[in-house]
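Here is a walk through some local features of one protein chain. Keep the structure open alongside and follow each stop by residue number.

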Amino acid sequence: MSVFEVNGGKKLQGTIVPQGAKNEALQIISAVLLTPEEVTINNIPDILDVNLLIELLAEMNVKVNRISRSSCTFKADDVNVDYLHSADFKKKSGRLRGSVMLAGAMLARFKKAFIPKPGGDKIGRRRLDTHVIGFQKLGSQLDYNQEDGFFHLTAEALKGCYMLLDEPSVTGTANIVMAATMAQGTTTIYNAACEPYLQQLCKMLNRMGAKISGIGSNLLVIEGVGYLGGTTHAMLPDMIEVGSFIGMAAMTQGEITIKNAGLNDLGVIPEKFKQLGIEMQFKGDDIFIPSQENYTIQKYLDGGVLTIYDHPWPGFTPDLLSIVLVTAIQAKGSVLIHQKMFESRLFFVDKLIEMGAQIILCDPHRAVVIGLERNHKLRGITMSSPDIRAGVSLLIAALSAEGKSTIQNIEQIDRGYQHIDTRLQALGADIKRRDS
């Protein structure tokens, strides 16, 4: 097991390029199973979760050619479908919630799929109901085998239908879209997710020969086709990394340029950081964050305390709420952070309080941050990363703190952030990876 040792108080300075989007990669790489032809994918993030999914495909007998750490070709012309029912797959996929994304493509092309108990972050219960109900409406049969712990999905033929999703789940929508691309007839999905990463998947599928309309809206119409071909695709920049770097710059009083930030696909993310008082300049597709001595949290027009909450796209992504929370620690003013979607994602604030932050945890979903206005520095402590986003939030706090911090369980951070220690060292951070 490795740890990060961070000596805080260094002002980060320089230029950094965000990795390819993790949440897009898990969908896009799963979609290569829809065709026997070659698919080339570029700007792949070199992170644990994505690499594990690529390993799973290789063990399914998909031909994988890793051209570089960021580019790869896939050819699924001789897939071992039964591997998905093996003890080895169950063990590996248990570490990766994204493995559920294989099911839609497998159902579409091979008419059967297996879903083990999902793995991933410990941030509260995350249901698979949207996925499974969508598959059933397309004509799939579901059986749970208590002996092997797998959900068995089978279908003689998938048939298009109308469905109203009970929640605009990104992964659920993506899985259903992949299954519907080769279903008989037309599928209409209302209350569909419309995140940029879902749009990217739909555009890629259309290049492969799918017929999907309504892309970017919450009403998708998919006309089933009999065959999908190969294509080339490039990932968007990871919006969660972009937000994380904005927070790092503000907390360390640094001066950072985020190159190729994908401004057109960031939605309200820059605006939410502006509400914390953080200055940003946009130059082409780059974001420049100048060094700021102080930043002041906005209030509502009636003087009320600002609330920042998560919401399905085009609302604010839940993956950045913990970053906003930690960034507010040194601001002037107060903010209520309301995490609606996951009941355990704020359970890292005790470590921030131990470091000297003024935070009131109201309940599992809400926390009030009372800014320190840089009157007091955080102090370094030893702490553990509970999940990917909380882990990076603790890292941001450690970078800004006085003294040495040790962050344990950094495998969680590695699941979402590509070589984060070496990239931050290039900005002047005093961070070292050590075996514990």
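This is a predicted model: local features need pLDDT of at least 70, side-chain atom pairs count only at pLDDT 80 or more; totals for chains, interfaces and linings use all residues.

## Salt bridges

In general, side chains of opposite charge can pair when their charged atoms come close. In this model, the count comes to 15 salt bridges. One of them joins D77 to K63, with 2.7 Å between the closest N and O atoms. The two residues sit in distant parts of the chain, 14 residues apart: D77 is in the loop between β5 (72-75) and α3 (87-93), while K63 belongs to strand β4 (residues 63-65). D77 is partly exposed, at 36% relative accessibility, and K63 is also partly exposed, at 45%.

Next, have a look at D319 and R389, whose side chains meet in a salt bridge with an N to O distance of 3.9 Å. D319 lies in the loop between β17 (306-309) and α10 (321-327), and R389 lies in helix α12 (residues 388-400), so this pair ties together parts that are 70 residues apart in sequence. Both D319 and R389 are buried.

How far apart are the closest N and O atoms in the salt bridge between D421 and R433? They are 3.1 Å apart. Since D421 lies in helix α14 (residues 420-425) and R433 in strand β23 (residues 430-435), the bridge ties together parts that are 12 residues apart in sequence. Is D421 buried or exposed? D421 counts as buried, because its relative accessibility is 7% and the cut-off for buried is under 20%. R433, at 34% relative accessibility, counts as partly exposed.

There is also a network to find: E5, K404 and R434 are joined into one by salt bridges that share partners.

## The four-stranded sheet

Strand β17 turns up again in an open sheet of four strands, with the order β17-β18-β20-β19 and mixed pairing. The edges are β17 and β19 (359-363), each of which pairs on one side only. Ignoring direction, neighbouring strands in this sheet are turned by 20° against each other on average.

I308 has its bridge partner in β18, namely I337.

## Helix α5 and what covers it

Which residues of helix α5 (residues 129-137) are buried? They are T130, H131, V132, G134 and F135. The cover over these buried residues includes α4 (102-110), α6 (170-180) and the strands β6 (112-116), β7 (141-145), β8 (150-154) and β9.

Just past the end of α5, check the backbone at G139: it takes a positive phi of about 110°.

## A nonpolar patch and its surroundings

Strand β9, part of the cover on α5, spans residues 162-164 and includes Y162. Y162 is exposed, with a relative accessible area of 52%. Together with L164, Y190 and L219, Y162 makes a nonpolar surface patch of about 400 Å².

L219, a member of that patch, is also touched by S213, along with L220 and V221, once residues up to four places away in sequence are set aside. S213 lies in strand β11 (residues 211-213) and is partly exposed, with a relative accessible area of 40%. The C-alpha atoms of S213 and E223 are separated by 8.7 Å, and the two residues are 10 apart along the chain.

The last stop is A234, which sits in strand β13 (residues 231-234). A234 is partly exposed, with a relative accessible area of 43%. Which residues are in contact with A234, leaving aside neighbours within four places in sequence? The contacts are E24, N42 and Q200.

Key. Residues are numbered from 1 along each chain as its sequence is written. Side-chain values use heavy atoms; hydrogens and water are left out. Patches are made of residues with over 30% relative accessible area and no salt bridge: like charges are joined within 9 Å, nonpolar side chains (Val, Leu, Ile, Met, Phe, Trp, Tyr) within 5 Å. Accessible areas come from the Shrake-Rupley method with a 1.4 Å probe; for residues, only the protein chains shown count as cover. A salt bridge is a side-chain nitrogen of Lys or Arg within 4 Å of a carboxyl oxygen of Asp or Glu. Buried means under 20% relative accessible area, exposed over 50%, partly exposed in between (1.4 Å probe, protein chains only). Contact means heavy atoms within 4.5 Å. Two strands pair if DSSP finds at least two bridges between them. Axes are lines fitted to C-alpha atoms, for helices over the stretch in contact, and angles run from 0 to 180 degrees between N-to-C directions.
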